[in-house]
Amino acid sequence: MCGIVCYVGKNKAVPILMEGLKRLEYRGYDSAGLAVQDERHIDFFRAVGKIAELEKKTSGIEIKGTSGIAHTRWATHGEPTEENAHPQSDMNGNVFVIHNGIIENHQSIRKRLDKQGIVFKSETDTEVLAHLISLNYDGDLNEAVRKTMSQVEGTFGIAVIHRDIPDKIVVARRGSPLIIGVGEEGNFAASDVSAMVRYTNKVVHLNDNELATLTRDGFSISTAQAKSVTRTAETVEWAPEDAELNGFPHFMLKEIFEQPETIRNAMRGRLEKGEGVPKLGGIMPVWERLKECRHMVIVACGTSYYAGYVGRYIFEKLTEIDVEVELASEFRYQKLNFPSNTFIIAISQSGETADTLSAIREAHRKGAHLLGIVNVVGSSISRETEAGIYNHAGPEIGVASTKNFISQLTILTLLALLLGRHQNLSLTEGVDAIRALETLPGQVKAILSKANHIQAIAEKYYRCSNWLFLGRKFGYPIAMEGALKLKEVSYIHAEGYAAGEMKHGPIALINPGMPTVAIAPLDSIYDKMMNNIQEIKSRKGPVIAIATEGDNSLKEIVDDIIEIPPTLDFLNPIITVVPCQLLAYYCAGFLKRDIDKPRNLAKSVTVE
Ligand code: AGP
């Protein structure tokens, strides 16, 4: 979705806002704009395309203002044009607004304002906010924004400036993320921490239906009912260089190579090795109920959903808990009826995915308990769940989620192991599982050292426009995730399929021009996978196998093989996904795609 960043302080605003926009660009990147205020003068620029286009427009121009708002857009209403880019303003050019979210009743408001003679310049839903704030303004910008909030439906994270009130920015949120940054030389607000982490790591999270006023000397928060709110700043653990490329050509590749450390970070301080049991402080507030839970529903979207799908198999293996996994966008419309003491596990990297948020609110309404597995600290899902586990995976900038997927699998394993050790798992099984978990970072490193081999395989097949990914049990969700990664970054059509389903239809697709990636480690269903691979080979379909080291029988029949170290079957997904990530990355490279910012996608989907 869109990215918002604001600054008011001692320094020139443009360089700070541009820096922030570049860090938010992964959120949406079809157009951008900024408005910078110097007393009553407002410099206002917008451009279609990447932030670089906006930079071209401002370069060489002396813009003195030390207060401003800036926006990078992911279009929902109105094509990516300069007129539809943000900031949007009122008819007199006094009020400037940037917005992340959707104003659902913008049509009816537009009709009403049309009758009042308001002339609209754009097709956006956002423009109604500029006109409403202007109409509601009588010298107090906060009151104008507060009144406007009561007149609109939908989601928003907004920032507003008024020509008559220099050095003051009013921000407000409902449903879309907005964080205040408390700095030494000024104050900030942004859609996420990465936009301001270079200047401050002191942040204050705004809750839904709250406003904040930023000035160079401080900030104040109030509710939609004009009640003042006191909230102290938290310190975020990210460092500016975490959001840097550090010599890698793309964030996706950097994040793939960070995965050994990502697994360690997910386990750090969470293992009682001697007892063969993890310790997860974040779920202790609900532990007494959770350890008695026998029914769970994992709810998520996209890659997080596939992590949840692996999670279901891991819980089935390690616990006595009946676990379902649901697509959040479907789950929220189901007739929900939970057995008592049901726990929902919401999995989300960003913690802001609208479908997942709405799904857990619906489940909570129906009496379920809420747990979160979230990467972004202080995000909406982390604050709307009763308890949870942070990934500590650091910022994930590449739109295609990689390291966070592996972190989610690691944490799902720790949670299942903890519950299993309080149910039917023995000390030995616990100790063995933790030993295998601690071996994973080295094993993933070993696979990463084969990147050139995987790149060569990608070079052989990247011209093929249709791919199939096959797996069984723990390998099935990895097949779906592998296909998603290839689709997301290379735009090649790919399907992840349960291998046992092949003969019920998809086998008709098999032909010499369609490669199949077979997730086939040595585990309980290996023989079945071998049969499926034979079926494809007998129809001249090329097969790339992801197989356990030393598996010569598979080596003899497949076209290409990527060998992975042996581990426990429920840990294989953490290992087998890495070659899939690299295949997708290298294919996208050969096809010269914009790997970190794939077309039509956004890192955090904050609208339904
Ligand atoms: C994955 O590569 C995609 N970016 C997307 O499918 C993502 O997993 C999905 O939007 C869920 O995001 P979340 O984990 O932040 O909730």
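This is a predicted model: local features need pLDDT of at least 70, side-chain atom pairs count only at pLDDT 80 or more; totals for chains, interfaces and linings use all residues.
I would like to start at the ligand, where one of its oxygen atoms is 2.7 Å from an N or O atom in the side chain of E488. Taken alone, the ligand exposes 400 Å², and the protein buries 91% of that area.

A polar side-chain atom of S304 lies 2.6 Å from an oxygen atom of the ligand, while at V399 it is a backbone N or O atom that lies 2.8 Å from a nitrogen atom of the ligand.

Which residues, then, come nearest to the ligand? There are 14 residues around the ligand, and of these the nearest are S304, S348, Q349, S350 and T353. When that shell is sorted by class, eight of its residues are polar, four are nonpolar and two are charged.

As for where the shell comes from, two helices each supply at least two of its residues, namely α9, which covers 302-318, and α16, which covers 475-490. The helix that gives the most is α9, with three residues in the shell around the ligand.

Now I will move on to the aromatic side chains, where the count comes to 14 aromatic pairs. One of these is formed by F188 and Y199, and this pair is stacked, with 5.5 Å from centre to centre and 20° between the planes. F188 lies in strand β10, residues 186-190, whereas Y199 lies in the loop between β10 and β11 (202-205), so the pair ties together parts that are eleven residues apart in sequence.

The peptide bond from H86 to P87 is cis, with omega near 5°, and P87 has its place in the loop between β4 (67-73) and β5 (88-89). The other detail concerns K473, which has a positive phi of about 50° although this residue is not a glycine. And where is K473 found? K473 is in the loop between β23, residues 466-471, and α16, which brings us back to one of the helices that supply at least two residues of the shell around the ligand.

Terms used. Residues are numbered from 1 along each chain as its sequence is written. Side-chain values use heavy atoms; hydrogens and water are left out. A residue is near a molecule or strand if one of its heavy atoms lies within 4 Å of it. A polar contact is a pair of N or O atoms within 3.5 Å; within protein, one must be able to donate a hydrogen and the other to accept it, and residues adjacent in sequence count only if both atoms are side-chain atoms. Accessible areas come from the Shrake-Rupley method with a 1.4 Å probe; for residues, only the protein chains shown count as cover. Helices (H or I, at least four residues) and strands (E, at least two) are DSSP runs, numbered from the N terminus. Ala, Val, Leu, Ile, Met, Phe, Trp, Tyr, Cys and Pro count as nonpolar, Asp, Glu, Lys and Arg as charged, and the others, Gly among them, as polar. Rings of Phe, Tyr and Trp (its six-membered ring) pair if their centres lie within 6.5 Å; planes under 30 degrees apart count as stacked, over 60 as edge-to-face and the rest as tilted.
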